[in-house]
Amino acid sequence: MSNETMAQLAATAAAESIRALNHTLYAGFDQPGDAYSTVGGLSHPVSMLPQALTMIRDAVQTLERSGELRSDRDTLTDDLALAYEGLEQAALDAQTLYESLARAHGGLSHIGMQDGGEES
């Protein structure tokens, strides 16, 4: 798979799906189970982000070991350090986001409508 294809997957898959989700969320939910299902749906791809970010870091480190990288600013060491730090922090933040979504998902699992409108 080409690097262009990987970049396209990263850019379009997430952006188009979230854009469409945000658009439909303007209407709100009919049932709390809809919120539960939506948060669950978001949790799954978010759970894979830490691995993707770690794999990106590892791939760049492999390129670094080849000795063929350069920086347009002639600051390769600093630029790589900044990239690695950012990717590591992003992976940690993505893990935290996943854990927060899991808590929200768990809380929503117990919520239903009064008067039998929906079972929990």
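Colleague: Let's start with charge. How many positive and negative charges does the protein chain have?
Modeller: This is a predicted model, and its protein chain carries 6 positive and 18 negative charges.

Colleague: Okay, and the fold? Which elements are there, from the N terminus on?
Modeller: The order is α-α-α. That makes three helices, with zero strands.

Colleague: Is the chain spread out or compact?
Modeller: Spread out: its radius of gyration is 20 Å, well over the 14 Å that the globule rule gives for 120 residues, so the protein chain is more spread out than a compact globule. Along the principal axes, the C-alpha trace spans about 65 × 25 × 25 Å.

Colleague: What share of the residues is buried, then?
Modeller: In the protein chain, 14% of the 120 residues count as buried. The exposed surface comes to about 8900 Å², and carbon and sulfur atoms supply 57% of that area.

Colleague: What about contacts between residues at least 24 apart in sequence?
Modeller: Taking contacts between residues at least 6 apart, 67% join residues that are at least 24 apart.

Colleague: Switching topic: where is confidence lowest, and where is it highest?
Modeller: Helix α1, residues 3-25, is lowest with a mean pLDDT of 85, while helix α3, residues 76-108, is highest at 98.

Colleague: And what is the average for the protein chain?
Modeller: The average pLDDT is 92, and 92% of the residues score at least 70.

Technical notes
Residues numbered from 1 in each chain as written. Predicted model: local features only at pLDDT ≥ 70, side-chain atom pairs only at ≥ 80, totals over all residues. Heavy atoms only, no water. Helix = DSSP H or I, 4+ residues; strand = E, 2+ residues; numbered from the N terminus. Rg over C-alpha atoms; globule rule 2.2 N^0.38 Å. Buried < 20%, exposed > 50% of the residue type's maximum accessible area, 1.4 Å probe, protein only. Contact = heavy atoms within 4.5 Å. Areas by Shrake-Rupley, 256 points an atom, 1.4 Å probe, with all protein chains shown as cover. Lys, Arg positive; Asp, Glu negative; His and termini not counted. Charge placed at Lys NZ, Arg CZ, Asp CG, Glu CD. pLDDT = per-residue confidence, 0-100.
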